[in-house]
Amino acid sequence: MISGRGGSMMRGGRIRPPRRPMAPTGTVDEFEQCWDKLREALHDIHNRNAGNLSFEQLYRYSYKIVLKKAGDKLYDRVKEFEAQWFTDKVIPPIFALVTTSLISVTLEDVPGTSVVERRAMGEKFLKGIRASWEDHNMSMNMITDILMYLERGGHQDHNRPSIYAVTIGLFRDHILRGKFAQNGSEHEVISILNATIIDQINMEREGDVIDKALLRSCVSMLEDLFETDEEQEHEQLYLTAFETPYLNSTRAFYRTECEKLLREGDASAWLRYTERRLAEEDGRCHTTVSPLSVPKVTKVLEDELITKHADDFFNLEGSGIKGMIDNDRTEDLSILYKLMTSVDSRRIKLRNALGTRVIELGREIEQALKDTDFSVAQQTGAEEPADGTDKAKPKALSASAQQTAAAIKWVEDVLNLKDKFDRLWSTCFAEDLILQTELTKSFALFINSFGQSSEYVSLFIDDNLKRGIKGKTEAEVDIVLDKAITLLRYLSEKDKFEHYYQKHLARRLLHAKSESQEVEQEMISRMKRELGNNFTQKFEGMFRDMRTSKETTEQYRDHIRGLGDADEKQIDLNISVLAGNNWPKEVMGRTGLADGSKPKAVYPREIQALQESFFKFYSINRNGRVLTWVGTAGSADIKCVFPKIPGKTTGPLSRERRYEINVTTYGMIVLMLFNDLAENEWLSFEDILEQTNIPQPDLINVLTSLSVIKQYRVLLRESQAKGAVKPGDRFTFNREFVSKAIKIKVPSVSAANRVENDEERKETDQKNEETRSYVVDAAIVRIMKQRKELGHSQLITEVIQVLASRFKPDIPLIKRRIEALIGREFLERAELPDGTPAYQYMA
């Protein structure tokens, strides 16, 4: 038995001639004699009665006809025979399967038929088509083997298709293109076939079980047939006749499904449904339909289930992308990322949704900050006392402490939000760089839209370096530093941050508040790596000053010991010699950019002698140096003796009490005034101001610290008001002062690093703008000195690029500075050859 197109005789590579001559023909036409034998064989092949046929003999008949130059005639006879066979034997059984009910269900969508009936009716029709096709295909393969020599070019018209292509195409022309009339309408069998296959597929989509192998056989038939006998690859019946209706049906099915999902309003269900359907359709194409349609079917599903309605599902209340992010639904977000990436390589919708949500949550943090009451210390996780007593009342916070607490909370909330989105980016978004860029941009946008972000970030670092890193491991400290650098990276006004950090660092260094000098240095090193040497130049200078001051203090002490003036009452002096350019103007006792004249405080005689002694020592090797004593930056430890109170026989007041009190330098000057004060004598605010010459704002802060705060009330204020000290108040030494601690540190009202009030912030902004003017001037001169001549627009662009790492300068500011430099004859106006305004550098 020969099977498959070409058969076994093709494998030899050549055709052998007949072994013996043909029998004499006599009067009968030789062609007709051979054709009669072949026709009988064709009948037997179609009737499945080919077991007794000699294919070698049949091949000789066709070979003889070709040798007699009658190949074209044989070609036509075979074609006519097969066409007649279709008319008589094949078409009637097929048309018998095409019933009115089948057409009504598949083509006209007439309701009323159950799924079971539809499936049975469709399977019966498809099985009939399959059986007829398989019979025809097998017969054509056997016939082609017989006519192999004819296939090898035995006919004269070489432009004619092969006999196999012509005969196999008869199934297309007589069966599939056959028309069936019903109610005045004609329907091609292929249309009914397509509709039946699609109906079966839709049943499976709705959860029914179908015969996948049957459908695959019918679709394979369409892949094997072509629109014409030339059998062009792009003219497969599957592509030209079936695929388009199949895709249209798929589109309609999923359009309806998506509308149903929208009505249900559950984005999570939509994600899982879409993911499942994409996998199902991919598998269906490989097992039931055709792999050729995988990309097209996938595109249809992506259009109908994702692209067209992504915004609708994103915006669903509760289950949309907001709900996914807020509730950390990582599985949903992972599916969402996979689906959105498949339809949009640039992730535009997902990118915009994530960026918008970051900004919204950032603004919610800002609003929550305004709504939170910081008047009492925030307690988290406080436990009830075991004995059932009332919990201790939260400690009330001062106004400055409240502002600082708000700053720390804002930064921590922003960091928590950053951690949240970093976690989602890593676990759900495959660390997508496009999404990372959008998240970074969104974080920078909302952080910089908050006017106090630079100050708050600096306060956060200050709080951690003072007490936040206490007890933490090295790895935990690294995490804190990384978070600080991350926030710093987002800030666009890094010059503002530099101003605040310089001020906060100065107070930490001068008041010995840092938890670890190594961590402080590491923080500076990381800033240098991130922002460059220029950014950290002043910070490094401050550390250098502190190291030099420590060495100078030791040298001075050795110098005093070398003089041999041993004095038990000798005051122990610890000096910090600060270079004015490195330290903040506030610390150096200056309020403006220029060093304004400020009254010098009057120090006690003992301190004046010590100052003169140090100055003489300092001038030995440093001729021409000028030292200015900054009373706002130092502190002093004073040993105080509080006398026994007459009439008291028990308790602390019945005996003399000695304390070591740490106060600011100005506080030490004030307390020394009360050394020789009589018991019932009072000093007024004006008296103290006159004797000490301390600036009034600083004096108010000092007296408030010493007389208002109960546990540090070394001085008594005549009026019992709890507010800040004001002119007219009178003070005396508090002889009844008692403390459980021997060493007492009196907090300075202004010494703590705190959030600026509105007036201070306005002043800071003005100073910052003034500084920026000088920075812009320097950038313009540096650029023009190098370029000599430059157009107006190009100069502004280059200035913005140069300064982008520190701040984003306003274009009006740049224009004003250009005009100022023209007025100062650094630049002059010019024109480029095309008439564009330009500037020239004047050497």
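Mentor: Glu825 is exposed, with a relative accessible area of 57%; buried means under 20% relative accessible area, exposed over 50% and partly exposed in between, using a 1.4 Å probe and protein chains only. Keep in mind that this is a predicted model, in which local features need pLDDT of at least 70 and side-chain atom pairs count only at pLDDT 80 or more, while totals for chains, interfaces and linings use all residues. Residues are numbered from 1 along each chain as its sequence is written, and side-chain values use heavy atoms, with hydrogens and water left out.

You will find Glu825 in the loop between helix 30 (811-823) and strand 10 (827-831). Helices (H or I, at least four residues) and strands (E, at least two) are DSSP runs, numbered from the N terminus. Although Glu825 is not a glycine, its phi is positive, about 65°. Glu231 also has a positive phi, about 55°, without being a glycine. Its loop runs between helix 9 (212-224) and helix 10 (237-264), and Glu231 is partly exposed at 26% relative accessible area.

Phe443 is buried, with a relative accessible area of 1%. Leaving aside residues up to four places away in sequence, Phe443 touches Val358, Val414, Leu417, Lys418, Phe421 and Tyr490, where contact means heavy atoms within 4.5 Å. Tyr490 is 47 residues from Phe443 along the chain, yet their C-alpha atoms are separated by 7.1 Å.

Rings of Phe, Tyr and Trp (its six-membered ring) pair if their centres lie within 6.5 Å; planes under 30 degrees apart count as stacked, over 60 as edge-to-face and the rest as tilted. By this rule there are 29 aromatic pairs. One of them is the edge-to-face pair of Phe421 and Phe443, at 6.0 Å centre to centre with 80° between the planes. This pair links distant parts of the chain, with Phe421 in helix 17 (residues 399-427) and Phe443 in helix 18, 22 residues apart. Phe421 is buried too, at 1% relative accessibility.

Tyr556 and Phe614 also pair edge-to-face, with 5.3 Å between centres and 75° between the planes. Tyr556 sits in helix 23 (residues 533-563) and Phe614 in helix 24 (residues 605-619), 58 residues apart.
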